[in-house]
Amino acid sequence: MANIKFSRKIFEKEVGKLDEKMQNRIAMFGTTLESFNDKEMELEINPDRPDIISYQGFKRSFLAFLGEKTGLKKYKINKPEKNYKVIIDSSVKNIRPYTACAIVKGLRFNDEKIKELVEIQEKLHFTIGRKRKKLAIGIYPLEKIKLPITFKALEPDKIKFIPLESEKEMSGLQILQRHPAGRDYAHLLAGKEKFPIFTDADNNILSMPPIINSQLTGKITEKTKDVFIECSGFDFEILKKCLNIIVTSLADMGGNIYQMELKYKRKQITPDLTPEKAKISLENTNKLLGLNLKEKELKQLIKKMGHDYNKSFVEIPAWRTDILHEVDLIEDVAIAYGYENFVPEIPEIATIGQEDTKEIIKRKLSDIFTGLDMLEVSNYHLTIKKDQFTKMGVQEKQEKNFVELEESKTNYTILRKDIVHYLLKVFSENIDSEYPQAIFETGKVFVLENEILEKENLAAAIAPGNFTQAKQVLEYLFRMIDIKISLKEPKECPLHFIEGRVAEIILKNKSIGFIGEVHPKILKNWKIKMPVALFEINLEEVFEALKE
Amino acid sequence: MEIKKLIESLSPNEVKILPHLEENNIIEICKKSNLDKVSVLRSLEYLQNKKIVRLSSEKKKIVEIGVNGALYRKKGLPERRLLNLLDEKRIVEFKEAQKESNLSDDEFKVSIGVLKKKAMIELKNRKIIFSANKEEMSKKTLEESFIELLPLEYDVLSPEQLYALKSLQSRKDIIQIREEKTINIEITDLGKKIIDSKIKTQNLIEQITPEILKKDSQWKGKKFRRYDITSSVPAISGGKRHFVNQAIDYGRKIWTEMGFKEMTGNFVQSSFWNFDALFTAQDHPVREIHDTFFINKKVELPDKKIVEAVKKSHEKGITGSKGWRYDWDKEEAKRLVLRTHTTCLSAQTLSKLKPKDLPAKFFAIGANFRNETIDWNHGFELLQTEGIVVDPNANFRHLLGYLKQFAKKMGFEKIRFRPAYFPYTEPSVEGDVWNEERKEWVEYIAAGIFRPEVTEPLLGKPIPVLAWGPGFGRMIMNLFDVKDIRELNKNDLTKLRKMKFLMK
């Protein structure tokens with residue numbers, strides 16, 4: 001989500017006093033007033049509305065919502081003047097195929113407005129630009145450029161210019177390796193044989209999108225009056241919308257919009273502010289919202305969201321990017337109607353509530369344990385490799401059948417294979433807590449075989465505890481759920497147990513788990529000073545047996 | 001209480017010390033009653049509860065002789081020993097003086113310092129010259145007199161003694177100051193009456209034992225010692241469900257009461273179910289490795305018909321939708337993730353529904369995962385619950401109705417709705433509940449109606465699906481007054497034993 005900050009004074013002058021009522025209107029418009037003081041206010045804007053992530057864009061939409069300037073806002077667009085052209089060379093086709101461009105003249109920049117322009121650019125990069133992956137924007141002082149402009153792609157070593165924030169001429173590759181912006185965004189050009197560039201009529205390089213502009217044309221300053229704007233990327237429709245968002249904000253700052261001729265194979269003219277037309281049905285609207293609106297009301301509501309309405313058709317501003325379907329317009333109607341004005345209603349439909357059977361069984365099993373004065377614990381499903389293996393006496397390198405996560409931000413990098421190692425961890429973190437400690441947990445464990453198996457397990461541990469005590473708990477549990485189990489000497493002793501004091505738990509000829517006394521060397525690994533006996537069983541067979 | 005009853009309530013130990021209370025000295029009472037100090041103090045405590053005595057305690061600072069001090073009291077202070085040597089030799093070299101006086105380095109240094117200060121010696125050319133007169137030699141120094149008199153009470157020290165204390169305190173282990181608590185026992189009028197009355201306790205029954213119960217004569221006609229029912233007993237604790245699971249069961253109860261059926265499913269899911277089926281474009285930031293846990297493994301996609309429908313929904317859109325307009329990649333959809341929301345279960349449920357099953361309501365409750373670091377406010381494992389209503393006649397007002405009812409069940413009377421944005425719902429709503437303590441609206445529940453781009457590929461036609469989910473972890477923290485999200489998986493047994501039951 002993007003936040004925008006702007007002057008409270010200007011807001012109060014141009015929109016209205018920021019009293020409680022106004023704060024409520026801001027919330028009901030779908031924006032969140034994050035914070036405000038005497039000077040500034042900060043709004044959180046939802047990511048589906050890049051057209052309002054500038055003060056100008058927000059003001060335009062919000063004034064319509066308040067009912068002050070409803071309907072589609074019209075902007076004057078000037079036809080391309082001589083040489084207002086961008087030649088798109090076929091070399092960009094497989095590199096960065098599209099650009100949409102415009103010129104805005106007669107701007108009067110001050111610090112505040114330059115800051116706003118930089119912020120719009122950054123926020124569009126971040127949101128619809130997907131961190132410049134999808135599109136990048138360049139804004140240049142027009143006086144330093146000789147029109148027409150060419151958009152082409154060259155081999156990186158043939159590209160040589162002084163990038164912004166640098167004093168030295170660099171090649172395309174050098175920029176990616178040495179320039180801060182180059183390093184940040186190098187992955188976006190990685191593997192490309194040619195890099196895209198904008199050049200002017202004197203063959204000066206203006207920029208290398210999506211990385212950096214050239215020092216030659218430089219940044220917008222207070223002296224800048226006219227600007228050239230380009231958006232480049234992979235989806236011409238999005239580029240046009242992005243351009244529209246920028247030029248309308250600049251027009252709201254007092255600029256005049258000029259179109260440019262884009263020389264693709266087929267000529268294109270941008271920006272184009274012709275509204276998009278989409279159908280909205282009064283019936284669908286009323287059905288989805290549970291309202292009983294008349295067409296006249298629908299029209300008023302549509303206009304409050306900055307659209308125009310004409311006989312079932314909505315004229316959508318050319319800067320809105322979020323209208324994919326009629327439901328998006330219906331939501332706009334709902335917002336204009338006011339969420340606070342809907343009367344909540346519960347339809348009378350009879351359905352029967354039902355818990356998952358396995359969850360019921362797990363709860364019953366837990367009740368049996370608590371009846372034995374045992375405490376239930378709740379551990380993460382992710383775990384630390386060292387806890388799962390090394391501390392349990394297993395060499396990490398020998399293990400293969402576990403599930404590893406990619407690039408975890410913590411040292412919890414794998415899914416747990418069993419619960420018992422976590423129960424020992426609980427003991428090890430509670431050596432100062434009163435004994436005896438008797439704990440249990442039910443939950444998922446994960447094993448990688450041909451595919452990832454997710455199993456429901458149950459484990460219990462007692463400290464100080466011996467085999468007899470653990471067996472008493474195990475047998476009580478199965479007596480209470482009326483399932484017969486038997487214990488058998490295992491062929492191979494799991495590494496954390498003492499040989500001769502461990503048994504395999506058998507249900508209907510299937511091994512469902514192990515019970516035993518934990519080996520002192522494992523207790524030492526965990527710094528546990530009490531003898532521990534424990535068991536862990538897989539519940540799938542138990543679920544099956546209980547079904548019968 | 002009557003005196004008689006009071007007497008019956010006296011424990012054997014209390015009876016034992018009663019005759020000796022006038023001693024007003026714990027040590028003496030111990031001796032005479034033949035009890036240890038802890039028992040005497042506890043009995044005194046009980047007697048006070050019964051208003052037989054009044055106890056008051058006084059703290060005193062006592063100056064005592066230290067380990068070295070005790071030694072010096074016998075052998076003389078180091079400076080005296082050095083002085084005696086000098087008295088004999090008058091002028092001595094440093095090294096020789098230390099050797100002959102048999103002092104440690106520290107003792108020697110201190111002695112030189114002290115004597116110089118008292119002007120009893122002079123130092124010249126690495127030699128010590130004796131300069132005290134006879135009178136000075138014969139008199140005890142303040143320090144010497146002081147250590148002979150120890151122990152002394154700090155509060156009554158004279159200025160000279162304070163001076164000596166200060167100078168000795170800076171030296172190692174000569175003196176030490178101890179705080180002493182003395183207990184003053186005052187016998188109340190009631191106490192006096194009880195002591196004066198003849199106490200017969202031999203017939204009182206203490207603990208009832210199986211032996212006593214064997215023969216009627218053991219207890220018939222006898223008195224039972226009265227207990228002090230207000231005195232404290234050691235705390236015990238019992239077995240208990242983990243508080244998170246108590247809350248989850250409570251959540252389950254609320255959903256089932258409202259007629260919802262539980263959905264469960266795997267934590268490891270394909271990107272298809274977790275993202276694609278929910279119309280989350282493949283370049284959406286949430287699908288990046290920084291936000292979501294990926295597992296380096298792929299899985300086969302479900303039924304081809306659904307996959308094709310989802311693909312179309314993304315690329316071109318369903319009827320009436322523009323879609324996201326990009327080339328949808330089947331391979332990307334096969335990548336495994338740890339589910340980021342239980343909504344993937346809703347998507348799977350929708351894909352299996354048949355027209356005859358409608359209307360239907362479902363809920364899910366459980367863990368979800370985000371690739372996050374851990375602090376008091378963040379974690380990689382999050383609890384979530386959510387419900388969906390699949391009903392051809394459902395509308396936005398119904399959604400608000402369900403939300404209101406759900407919030408009410410969860411204990412929130414005041415709820416307000418405002419517009420929000422979620423990628424797979426339209427319209428979307430954020431429900432805020434009123435926090436009376438903070439006097440402000442707090443974000444509580446996210447909700448919306450699934451987009452037709454989601455429902456049409458899964459259900460075959462765009463039937464409205466109402467969906468909502470509150471932040472469950474946050475709710476548990478409120479229910480149990482937990483401030484740090486890490487507490488949910490900390491398993492501090494001492495805390496778990498003390499944790500209150502959820503009485504809901």
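Here are a few friendly notes on the predicted model above.

1. Some housekeeping comes first: residues count from 1 along each chain as its sequence is written, while chains are lettered from A and ligands numbered from 1 in the order in which they are written. Local features need pLDDT of at least 70 and side-chain atom pairs count only at pLDDT 80 or more, whereas totals for chains, interfaces and linings use all residues.

2. Take the contact between chains: 74 residues of chain B touch 72 residues of chain A (C-beta atoms, placed from the backbone, within 7 Å). On the chain B side, helix 19 (residues 396-409) gives the most, with 8 residues; helices (H or I, at least four residues) and strands (E, at least two) are DSSP runs, numbered from the N terminus. That side divides into 29 nonpolar, 22 polar and 23 charged residues (Ala, Val, Leu, Ile, Met, Phe, Trp, Tyr, Cys and Pro are nonpolar, Asp, Glu, Lys and Arg charged, and the others, Gly among them, polar).

3. Helix 19 of chain B also lies across strands 14, 15, 16, 17 and 18 of chain B, running at about 135° to strand 17 (axes are lines fitted to C-alpha atoms, for helices over the stretch in contact, with angles from 0 to 180 degrees between N-to-C directions).

4. In chain B, 7 strands form an open sheet of mixed pairing, in the order 9-13-14-18-17-16-15 (strands pair if DSSP finds at least two bridges between them). Strands 9 (261-262) and 15 (415-419) of chain B each have a single partner strand, so one side of each lacks a neighbour in the sheet. Strand 9 of chain B pairs with strand 13 (residues 360-369) in the parallel sense over 2 bridges, and Lys261(B) has Phe362(B) as its bridge partner.

Methods
Contact = placed C-beta atoms within 7 Å.
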